[in-house]
Amino acid sequence: MYYIVGLGNPGLKYENTRHNVGFLTIDYLARKHNIDVRKSKFKSLYGQGTISGHKVMLVKPQTYMNNSGEAVRDLKNFYKFDTDKLIVIYDDIDIDFGSIRIRKKGSAGTHNGMKSIIYQIQDDSFPRIKIAVGKKPEYMDLANFVLSGFSEKEAEIIRNEIDIASKSIETIIEENIDKSMNLYNSVRLVEDIDE
């Protein structure tokens with residue numbers, strides 16, 4: 001079983017913000033693979049199904065972003081899975097807009113949700129998929145930027161990024177992470193976007 005965790009904040013006011021692309025990717029996978037993500041346990045909403053012939057659990061922590069690790073810890077303590085079966089999807093402001101980045105392991109960088117997960121499970125050797133959400137304008141502070149919505153043009157790019165992120169997850173499950181990294185880490189959806 002693969003445990004696919006999308007990070008975000010619960011509640012309607014956060015629904016279509018930059019910080020919630022992890023949730024949006026889980027929703028997309030759920031629709032695509034007909035998985036109902038409405039059960040409530042492990043401080044999360046979750047649902048089980050199959051992707052590429054493998055059992056998966058799609059998970060949306062309901063702890064708010066900065067405490068995402070509590071949900072992942074509860075899940076891991078209950079199911080006792082190996083860390084390489086965990087795939088975490090989250091927003092990234094440092095990679096080029098119009099791209100995703102797949103990594104096998106590594107530090108949290110500046111992302112508080114990832115910091116929380118690594119701290120709570122005391123391990124950073126799990127696959128993660130970062131989805132570009134644009135660069136923060138000079139005049140905006142980080143918190144306001146990641147909690148802001150998308151322009152129409154940006155939203156279209158984000159939808160395409162989510163589609164690519166979903167395909168990358170299917171490839172990880174069906175084949176392996178190296179194949180997924182080779183296929184999708186080089187994808188660029190935009191040359192440039194008007195500010």
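**Salt bridges and cores in a predicted model**

Visitor: What makes the pair lysine 179 and glutamate 175 a salt bridge?

Guide: In this predicted model, the closest N and O atoms of lysine 179 and glutamate 175 are 3.2 Å apart. A salt bridge requires a side-chain nitrogen of Lys or Arg within 4 Å of a carboxyl oxygen of Asp or Glu, and therefore the pair qualifies.

Visitor: Why is lysine 179 called partly exposed?

Guide: Its relative accessible area is 33%. Buried means under 20% and exposed over 50%, so lysine 179 falls in between. Glutamate 175, at 47%, also counts as partly exposed.

Visitor: Are glutamate 154 and arginine 18 buried or exposed?

Guide: Glutamate 154 has a relative accessible area of 17%, and arginine 18 has one of 5%. Buried means under 20%, so glutamate 154 is buried and arginine 18 is buried.

Visitor: Why is it said that aspartate 178 and lysine 104 tie together parts of the sequence?

Guide: Aspartate 178 forms a salt bridge with lysine 104, with the closest N and O atoms 2.8 Å apart. Aspartate 178 lies in helix α6 (residues 177-184) and lysine 104 in the loop between β6 (100-103) and α3 (112-121), so the bridge connects parts 74 residues apart in sequence. Aspartate 178, at 38%, is partly exposed, and lysine 104, at 39%, is likewise partly exposed.

Visitor: Which residues touch the most other members of the largest nonpolar core?

Guide: Of its 36 residues, these are Ile4, Ile51, Leu58, Ile100, Ile129 and Ile169. Helix α5 (residues 152-174) gives the most to this core, with 8 residues. A second, separate core of 20 residues includes Tyr3, Met57, Met65 and Ala108.

Visitor: What is isoleucine 51 in contact with, leaving aside neighbours within four places in sequence?

Guide: Its contacts are Ile4, Leu29, His33, Ile35, Val56, Leu58, Glu170 and Ile173.

Conventions: Residues are numbered from 1 along each chain as its sequence is written. This is a predicted model: local features need pLDDT of at least 70, side-chain atom pairs count only at pLDDT 80 or more; totals for chains, interfaces and linings use all residues. Side-chain values use heavy atoms; hydrogens and water are left out. A nonpolar core is a set of buried Ala, Val, Leu, Ile, Met, Phe, Trp, Tyr and Cys residues joined through side-chain atoms within 4.5 Å. Buried means under 20% relative accessible area, exposed over 50%, partly exposed in between (1.4 Å probe, protein chains only). Helices (H or I, at least four residues) and strands (E, at least two) are DSSP runs, numbered from the N terminus. Contact means heavy atoms within 4.5 Å.
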